[in-house]
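Biologist: Let us go through this model by its side chains. Please show it, and I will ask as we go.

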Amino acid sequence: MAQTLTDQIITIERALGERMIDHALIILRAWMNELGENNPYEQAYSDIEEQYNKLFTEWLTSDDPKGDEILDGLTGDTYRLTDAVYLDIRLKRGIAPEMHGFNKQSHQSILQYFSYCPRFTEEDWKWFREVNNDSNYSAVALLAVASLAKNIREAFNEQALFALIEGINGANEVVAEQCLANAIILLAHYDVRIDYFPEIQNAFLEAIHEHDDDAEEAFRILGAMISSCKTSWQERISSGEMTIDDLPEELRNLLELTGSDDSMEGVVSWVPASEQEYMQGLIEILPDTWVYSELVGDDQDRVRAIAFAYLSIGRMDLLWEHIEEASSWLVRHLRKGSNSPKDYINYGHCLLLKGDRMMAYETYRQARTLCKNSKEFFALFRPDRRALVDHGIPVEIVYLIEDKLLSVN
């Protein structure tokens, strides 16, 4: 069965992540054939293919100390060519719309344009910079920034990412913060690719250090981004844990601009569950990304702060080696009245690892009673199986606990 376009993109990303340029060129060749003989990418394709073959031939006979550097540069060039050809393929197949400007007075037009436009003009970027630096256009700028970030996530756009990074130091602090948050998310999203775009890395580092050498603001945004993933806005609003007034300012602005009403139903329906799933997946890979290493690094105070930010959303990811600290935090949290099943599960993990099996079981049982059914409980418990076993709990004990919890009413 022929690969879908999505499958082909995944194949290319994996191949270029390993600097296997020939694998990517095979798919690129097929795309260019689809575009026809007069496509504008033949010369760039030939140049990359020729340089790659030359590099491989030289590697067979000698060790060029600059070989890795050359290969990284070629990989970045292949990414750029892929993005350009992919854009035309999307246009040709009708996946992406051909767009020619937007109505600057219409919020809906701005939303649609910056969310879906495949090709931006210099005039677009000029307008983008102007509204980002004018406090009178805060709401419009936030809408454009959020929409542009969505666009980049769908199809990498080097120029658009540079525009967001430039906005980090814009005159409007609210918009600048939103640019920073989206830049962090996108750098994590494109983590493997970003290694081959040092210009983007350098621009981001320069931007976050411009006003504060230690990048404290960027680190604060990172922590807030993690903490905000505890539960979806839908669930928190429906349960009464939060109200519309508790929503981030940028979201309230977007709700107003996109016409959602002020009822709970309007907010709940506006925030897609897929977005929450996306952020949860991003949080999972975050500690292994370049942007995380730059913002947290080996600073133990920051490492500890982020570890507890993870724990606050129910994830033990960074504290399995620090059970006593995790246990103390969870005890305080539970005493304050937390009724989160995941907090009880994590505390049960701590007790189990400390050897108190009876109390661990009772704590797990409490978590089970807080869940609607066993399916909901095991969806929270089972992802931690591997970590428990890796930290010394026999797999038989894990299965025995699960078996007993299955019958809890």
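Biologist: At what pLDDT do side-chain atom pairs count?

Modeller: Residues are numbered from 1 along each chain as its sequence is written, and side-chain values use heavy atoms, with hydrogens and water left out. This is a predicted model: totals for chains, interfaces and linings use all residues, local features need pLDDT of at least 70, and side-chain atom pairs count only at pLDDT 80 or more.

Biologist: Is Trp 59 buried or exposed?

Modeller: Trp 59 lies in helix α3 (residues 42-61). Helices (H or I, at least four residues) and strands (E, at least two) are DSSP runs, numbered from the N terminus. Buried means under 20% relative accessible area, exposed over 50%, and partly exposed in between (1.4 Å probe, protein chains only). With a relative accessible area of 56%, Trp 59 is exposed.

Biologist: How many aromatic pairs are there in the whole structure?

Modeller: Rings of Phe, Tyr and Trp (its six-membered ring) pair if their centres lie within 6.5 Å; planes under 30 degrees apart count as stacked, over 60 as edge-to-face and the rest as tilted. A search of the whole structure gives 21.

Biologist: How many residues apart in sequence are the parts that Phe 156 and Tyr 190 tie together?

Modeller: The two rings form an edge-to-face pair, 4.8 Å centre to centre with 75° between the planes. Phe 156 lies in the loop between α7 (138-154) and α8 (158-167), and Tyr 190 in the loop between α9 (173-189) and α10 (191-194), so the parts tied together are apart by 34 residues.

Biologist: Which charged residue sits over the ring of Phe 156?

Modeller: A charge sits over a ring if NZ of Lys or CZ of Arg is within 6 Å of the ring centre and within 35 degrees of the ring normal. Phe 156 and Tyr 190 are both buried. At 4.3 Å from the centre of the Phe 156 ring sits the charged end of Arg 193.

Biologist: Which residue lies over the face of Phe 102?

Modeller: Ring pairs link Phe 102 into a cluster with Tyr 113, Phe 114, Phe 120, Trp 125, Trp 127 and Phe 128. Over the face of Phe 102, at 4.9 Å from the ring centre, lies Lys 104.

Biologist: How far apart in sequence are the parts that Glu 199 and Arg 80 tie together?

Modeller: The count comes to 24 salt bridges. In one of them, the side chains of Glu 199 and Arg 80 meet at 3.6 Å, N to O. Glu 199 lies in helix α11 (residues 198-209) and Arg 80 in helix α4 (residues 67-92), so the separation is 119 residues.

Biologist: What is the relative accessible area of Glu 402?

Modeller: Glu 402 forms a salt bridge with Arg 385, the closest N and O atoms being 2.7 Å apart. The pair links helix α24 (residues 395-406), which holds Glu 402, to helix α23 (residues 385-390), which holds Arg 385. Arg 385 is partly exposed at 27%. Glu 402 is buried, with a relative accessible area of 5%.

Biologist: Which residue joins Asp 343 in a polar contact of 2.7 Å?

Modeller: Asp 343 lies in helix α20 (residues 341-353) and is buried, at 1%. A polar contact is a pair of N or O atoms within 3.5 Å; within protein, one must be able to donate a hydrogen and the other to accept it, and residues adjacent in sequence count only if both atoms are side-chain atoms. The side chain that joins Asp 343 belongs to Ser 338.

Biologist: What is the phi of Ala 215?

Modeller: Most residues other than glycine have a negative phi. Ala 215 lies in the loop between α11 and α12 (216-227) and is buried, at 3% relative accessibility. Although not a glycine, Ala 215 has a positive phi of about 55°.

Note on methods:
Salt bridge = Lys/Arg side-chain N within 4 Å of Asp/Glu carboxyl O.
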